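This report goes through one protein model, from backbone details to the sheet, the cores and a pocket. Please keep the sequence and the structure in view while reading.

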Amino acid sequence: MKSPYVADLQANQVATTVLLVTHKDIRQKRTGESYLSLTLADRTGELDSKMWDNAAEVMETFERDDFVRVKGVLQVFQNRPQFTIHKLQRVDASEQDLADYLPASKRDPAEMWAELQSRIGSIANPHLKALLDSIFSDQAIASAYRKAPAAKQIHHAWLGGLLEHVLSLAALADLTAAHYPVVDRDLLLTGVVLHDIGKIYELGYERSFSYTVEGQLLGHIVIGAQLADEHIRRLPDFPPKLRLLVQHLILSHHGEMAFGSPKVPLFPEAMLLHHLDNMDSKMEAMRSLVANDKNVAGVWTAFNSALDRSVLKKETWLKSSPASS
């Protein structure tokens with residue numbers, strides 16, 4: 001096991017550790033001399049890192065997604081931690097355990113998979129259940145679905161994040177379907193399970209999270225709709241009208257064309273799926289922003305472009321003195 005992790009680093013203490021390069025940029029000082037601006041990471045977090053001196057000696061020896069052993073010191077700059085690198089050396093990937101570098105769900109994968117199977121087993125509509133059974137009988141799909149993140153950065157961005165997100169939505173779907181009699185619970189739950197299935201091919205996660213070529217060219221919405229349609233075609237008795245409803249659930253779940261949906265939601269289950277998906281992703285993004293905020297002091301997080309706001313660190317604020325309010 002590697003040590004120390006990013007989360008273990010202490011301010012103003014020299015440390016040596018191995019980290020994954022998730023971003024590399026070569027910049028110039030005012031003097032014209034080059035320096036390195038890096039993002040280094042492991043499963044516990046990311047570090048904004050700078051190598052100010054002797055960068056020219058190492059800048060061509062490594063690239064993004066390489067592992068590097070760095071020696072340096074964590075300092076606070078403009079109220080945010082920054083790791084100043086004194087020495088850097090590329091290390092062989094074969095010497096590293098990838099589990100040390102990619103964040104993963106805190107939930108047990110087998111437990112989550114069993115919960116998903118139970119949810120699918122509760123679907124009464126024989127055609128929708130047959131569709132989901134067909135899809136997950138493909139072991140390659142099932143394996144990728146258990147492991148995939150839900151996003152590259154914004155929400156549930158860890159191994160198992162897709163499954164964790166889907167299970168959260170499934171619980172919300174049962175609550176809201178019971179509240180709205182007009183909603184077909186089986187159809188809504190099918191949309192929950194399938195809405196992001198295209199992400200198993202859109203996102204790559206061999207080292208850091210990134211978009212695949214297929215993901216860049218098509219995106220998870222199109223990939224997911226194609227995958228569902230492929231399995232529907234294997235079910236000769238699948239009703240054609242139900243096929244259109246399933247396709248629409250996937251194609252409209254982002255809610256607006258401006259956000260990547262080819263269509264806007266046009267029936268209740270599609271509208272509800274969109275709002276549940278948006279709510280769950282936003283709530284997780286807000287929780288994660290507060291939990292991982294890099295501002296050392298103060299009761300507000302740094303500005304987050306995905307949420308288009310800074311967020312109040314509520315617990316910190318409640319514990320602060322009245323003068324700091």
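Asparagine 54 is placed in the loop between strand 3 and strand 4 (67–77). Helices and strands here are DSSP runs (H or I of at least four residues for helices, E of at least two for strands), numbered from the N terminus. The model is predicted: local features need pLDDT of at least 70 and side-chain atom pairs count only at pLDDT 80 or more, while totals for chains, interfaces and linings use all residues. Residues are numbered from 1 along each chain as its sequence is written, and side-chain values use heavy atoms, with hydrogens and water left out.

**Positive phi values**

Asparagine 54 is not a glycine, yet has a positive phi of about 60°. Most residues other than glycine have a negative phi. With a relative accessible area of 45%, asparagine 54 is partly exposed. The cut-offs for this term are under 20% relative accessible area for buried, over 50% for exposed, and in between for partly exposed, with a 1.4 Å probe and protein chains only.

Asparagine 79 sits in the loop between strand 4 and strand 5 (80–91). The phi of asparagine 79 is also positive, near 70°, and this residue is partly exposed with a relative accessible area of 30%. Strand 4 and strand 5 form a hairpin with two residues between them, and glutamine 78 in the turn has a positive phi of about 50°. A further hairpin, that of strand 1 and strand 2, has five residues between the strands, and there glycine 32 takes a positive phi near 95°.

**The barrel**

Five strands make a closed barrel in the order 1-2-3-5-4, with mixed pairing. Neighbouring strands of this sheet are turned by 50° against each other on average, direction ignored; the axes are lines fitted to C-alpha atoms, and angles run from 0 to 180 degrees between N-to-C directions. Strands of a sheet pair through backbone hydrogen bonds, either parallel or antiparallel. Two strands count as paired if DSSP finds at least two bridges between them. The pairings are listed below.

| Strands | Sense | Bridges |
|---|---|---|
| Strand 1 (residues 14–28) and strand 2 | antiparallel | eight bridges |
| Strand 1 and strand 4 | antiparallel | seven bridges |
| Strand 2 (residues 34–42) and strand 3 (residues 45–51) | antiparallel | seven bridges |
| Strand 3 and strand 5 | parallel | two bridges |
| Strand 4 and strand 5 | antiparallel | eleven bridges |

Individual residue pairs can be located in the model. Arginine 27 has tyrosine 35 in strand 2 as its bridge partner, and valine 18 stands opposite arginine 69 in strand 4. Alanine 41 is bridged to glutamate 46 in strand 3. Lysine 50 stands opposite threonine 84 in strand 5, and the bridge partner of phenylalanine 67 is valine 91, also in strand 5.

**Nonpolar cores**

In soluble globular proteins, nonpolar side chains tend to be buried together. A nonpolar core is here a set of buried Ala, Val, Leu, Ile, Met, Phe, Trp, Tyr and Cys residues joined through side-chain atoms within 4.5 Å. The largest has 52 residues, and Leu116, Phe136, Tyr145, Leu194, Ile197 and Ile200 touch the most other members. Among the helices that each supply at least two residues of this core are helix 1 (109–121), helix 2 (126–136), helix 3 (139–147) and helix 5 (185–194). Helix 4 gives the most, with eight residues. A second, separate core of 20 residues includes Val21, Leu36, Leu47 and Met51.

Leaving aside neighbours within four places in sequence, isoleucine 197 is in contact (heavy atoms within 4.5 Å) with Ile135, Phe136, Ile141, Tyr145, Gly224 and Leu227.

Threonine 176 belongs to helix 4 (residues 161–179). Is threonine 176 buried or exposed? Threonine 176 is buried, because its relative accessible area is 17%. With the neighbours within four places in sequence again left out, threonine 176 is in contact with Leu188, Leu272 and Leu276.

**The second largest pocket**

On a 1 Å grid over the protein atoms alone, a pocket is an open set of points where a 1.4 Å probe fits, with protein on both sides within 12 Å along at least five of seven lines; lining residues have an atom within 4 Å of a point. The second largest pocket holds about 630 Å³ of space, the volume being the space filled by probe spheres set on the points. Its lining counts 25 residues, of which Ile154, His254, Asn278, Ser281 and Lys282 lie nearest the centre. Helix 10 gives the largest share of this lining, seven residues.
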